[in-house]
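This report covers the packing of side chains in one model.

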Amino acid sequence: MGKKAATAVGRRGEGLSSPAPAAKLTAVTKAAHYPGNTAPAPARGASPWPVAAPRWLAIGLACALLAACGGGRETVRRPAPTISPRVWPVVEPADPASANAVLMRAISLVGTPYRYGGNTPEGGFDCSGLVNYVYRDMLALTLPRTSRDLAGFQGPKIAPERLAAADLVFFGSSGNVSHVGIYVGEGRFVHAPSTGGTVRLDRLDGPYWRDHYSGAKRVLK
């Protein structure tokens, strides 16, 4: 066999026994990312793919190589928008003495357990039971028993920027009132929120209360 023929056979033999594309890809990647590795990089101009490799396989492996080398673009997540708290004007109540009495009594009941249908400190409170107790105890004023009836009680509706201490604030959804509290100033209110909880102070700008606020009424005139 001539020298040229032997060389041709050798080359064909090398083509048949060449590493799989994944192995070549690993060698190329390691050589690029780990300088201490002695694996030789492919010769310039030489294709790393076998001649018989399907075109789609070559494209797929090329994409994998680009991803391994940081060709992909990192996704940057934008921070959630923050909502600045409102500035609540200080509005003088029409009857400061009565408003202060309601305010102090309501705050003194913070920590009292919630109880559905409850209307005393000893037995616990639900939302409208708390309102009824405070106004009855401090001003001998009897109010409707449910939050819906309180929302329909006589008295002017108050815009948020005109809220004063002792006003009633209402919450609900789809036009239905389902909760009531007593406004104490600076965007805060006292209420009996839910089963398993206690009477507490919350902010009208809180995530749930801001989205479910449905209006306010002034009981004191």
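## Contacts of Tyr 135

Beyond its neighbours within four places in sequence, Tyr 135 contacts Val 102, Ala 140, Leu 141, Leu 143, Ala 166, Leu 168, Val 219 and Leu 220 (contact: heavy atoms within 4.5 Å).

The model is predicted: local features need pLDDT of at least 70 and side-chain atom pairs pLDDT 80 or more, while totals for chains, interfaces and linings use all residues. Residues are numbered from 1 along each chain as its sequence is written, and side-chain values use heavy atoms, without hydrogens and water.

## Nonpolar cores

A nonpolar core is a set of buried Ala, Val, Leu, Ile, Met, Phe, Trp, Tyr and Cys residues joined through side-chain atoms within 4.5 Å; buried means under 20% relative accessible area, exposed over 50%, and partly exposed in between (1.4 Å probe, protein chains only). The largest core has 27 residues, of which Val 131, Val 134, Tyr 135 and Leu 168 touch the most other members. Helix 4, helix 5 (127-139), strand 3 (168-173) and strand 4 (176-185) each give it two or more residues. Helices (H or I, at least four residues) and strands (E, at least two) are DSSP runs numbered from the N terminus.

A second, separate core of 10 residues includes Val 169, Phe 171, Phe 189 and Leu 204.

## Aromatic rings

There are seven aromatic pairs (ring centres within 6.5 Å, with the six-membered ring used for Trp; planes under 30 degrees apart are stacked, over 60 edge-to-face, the rest tilted). Tyr 208 and Trp 209 pair edge-to-face, at 4.8 Å centre to centre and 85 degrees between the planes. Tyr 208 is partly exposed because its relative accessible area is 45%, whereas Trp 209, at 11%, is buried.
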